[in-house]
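Hi,

Here is the structure I said I'd pass on. Have a look at it first, then read my notes below.

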Amino acid sequence: MSSSFPGPTAKRATILDVAAAAGVSRQTVTRAMNDMPGIKQETRERVQELARELGYTPSRYAKGLVQGAHTAVGLAIPDLTNPYFPAFASSVVEMATLRGWNVVVDDFGHGSGSSLDAVERLSPQVDAVIGYLGPHAAEAQALLGRRPVVVLDEPPGLTAGGISFDYPYAARLALERLSAMGRTRLAYLDAGPAEQLSARGSAVSRAAEELGIELTVAHALDSAEGARDAVGAMLAAFPGVDGLLVFNDLMAAGALKALAASGRSVPGDCAVIGMDGIPLGTLLTPELTTLSLDLRDVGRAAVDLLDGLLTGALPQRSAGTHLTLRHELVIRASA
């Protein structure tokens, strides 16, 4: 399940800290940091040196107000090899470009550290961040100070704004669909370690309990290959499984591969439902039934929310700064 661990984060130095240390006005610090005329060279150098010592980095948003620069938005993505994230990123870039914004993308899922590392890399370059930040959402907001962070798939209140998904609703849609098909031996394949359910997995488990459904739960790496291996092992241990809900569509592709390798037909012997609604689902055989998100809508919602935060139309963490979106069950051949 998703959780946050803000931890003891040091307060980020502000322009007021630099002004106090240098014994000058905020306007003088602005002039010094942006190489503007109107101050002595020795004052400029002293302010810049103190800023370096304090670790102060001017917000690109503030620079834009002074220099007329474009707004730059950081986009922190955990895995661009998963087709879900390029589709989401494409939507964010499209909607940001319509506003004349620049987007800087950081893919942190391949040995380059955590989501917080990504935000640290983005921080000197951007005025705000949109991203899937996991347990580091609150730390990321602390790092950016007053620059807004819009986090995806995390609880409200951790950042200036955010978007979450109604997994309990999605879980009920899928389980009720499988039950309506007469499937009685249902299983769910989660992503991540066996000792901890994901937010999606927790929602599926609760929905199954509420519906009186006995559910077999398996775990796999978040990949098609990981899902293939996990479903193969699950079918060996529980050969009677006749309905399977999978953490996402990419993993569902691996599940279909395992079912075919075991000689089981889909949906005849086992119905399969994925989650996310990426285009990959229509290229599989059989085509994948899925709990679909309109990723253009998700990207548009994130950029619209950030626009309101940057302009001040939406005060940070105020009503309307956290949205909850719902999946739609798209029925195809697999279930």
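**What I found**

Let me start in strand E10, where serine 292 is the bridge partner of aspartate 276. Keep in mind that this is a predicted model. Aspartate 276 itself belongs to strand E9. Its phi is positive, about 125°, although the residue is not a glycine. Is aspartate 276 buried or exposed? At 4% relative accessibility, aspartate 276 counts as buried.

E9 (residues 271-276) and E10 (residues 289-292) run parallel to each other, paired over 4 bridges. They belong to an open sheet of 6 strands with mixed pairing, in the order E7-E6-E8-E9-E10-E12. Its edge strands, E7 (215-220) and E12 (328-330), each pair on one side only. On average, neighbouring strands here are turned by 20° against each other, direction ignored.

Two helices to look for on this sheet:

- Helix H8 (residues 167-180) packs on it and touches E6 (186-191), E8 (243-246), E9, E10 and E12. The direction of H8 makes about 165° with that of E9.
- Helix H10 (residues 224-237) also packs on the sheet, touching E6, E7 and E8. The direction of H10 makes about 140° with that of E7.

The loops have some things to check too. Valine 266 and proline 267 are joined by a cis peptide bond, with omega about 10°. Proline 267 sits in the loop between helix H11 (249-261) and E9. A cis peptide bond also joins threonine 285 to proline 286, with omega about -5°, and proline 286 is in the loop between E9 and E10. Arginine 317, in the loop between helix H12 (295-311) and strand E11 (322-325), has a positive phi near 60°. Arginine 317 is partly exposed, at 46% relative accessible area.

Why call H7 largely enclosed by the rest of the structure? Because 7 of its 8 residues are buried, among them Glu139, Gln141 and Leu143. The buried residues of H7 pack against helix H6 (115-122), strand E3 (128-131) and strand E4 (149-152). Just after H7, glycine 145 takes a positive phi of about 65°.

Last, the surface: Leu80, Val93 and Val105 make a nonpolar patch of about 190 Å². Valine 93 is in helix H5 (residues 84-98) and is partly exposed, with a relative accessible area of 32%.

Cheers

Key. Residues numbered from 1 in each chain as written. Predicted model: local features only at pLDDT ≥ 70, side-chain atom pairs only at ≥ 80, totals over all residues. Heavy atoms only, no water. Patch = residues over 30% accessible without salt bridge, like charges linked within 9 Å, V, L, I, M, F, W, Y side chains within 5 Å. Areas by Shrake-Rupley, 256 points an atom, 1.4 Å probe, with all protein chains shown as cover. Salt bridge = Lys/Arg side-chain N within 4 Å of Asp/Glu carboxyl O. Buried < 20%, exposed > 50% of the residue type's maximum accessible area, 1.4 Å probe, protein only. Contact = heavy atoms within 4.5 Å. Pairing = 2+ DSSP bridges. Axes fitted to C-alpha atoms, helices over the stretch in contact; angles between N-to-C directions.
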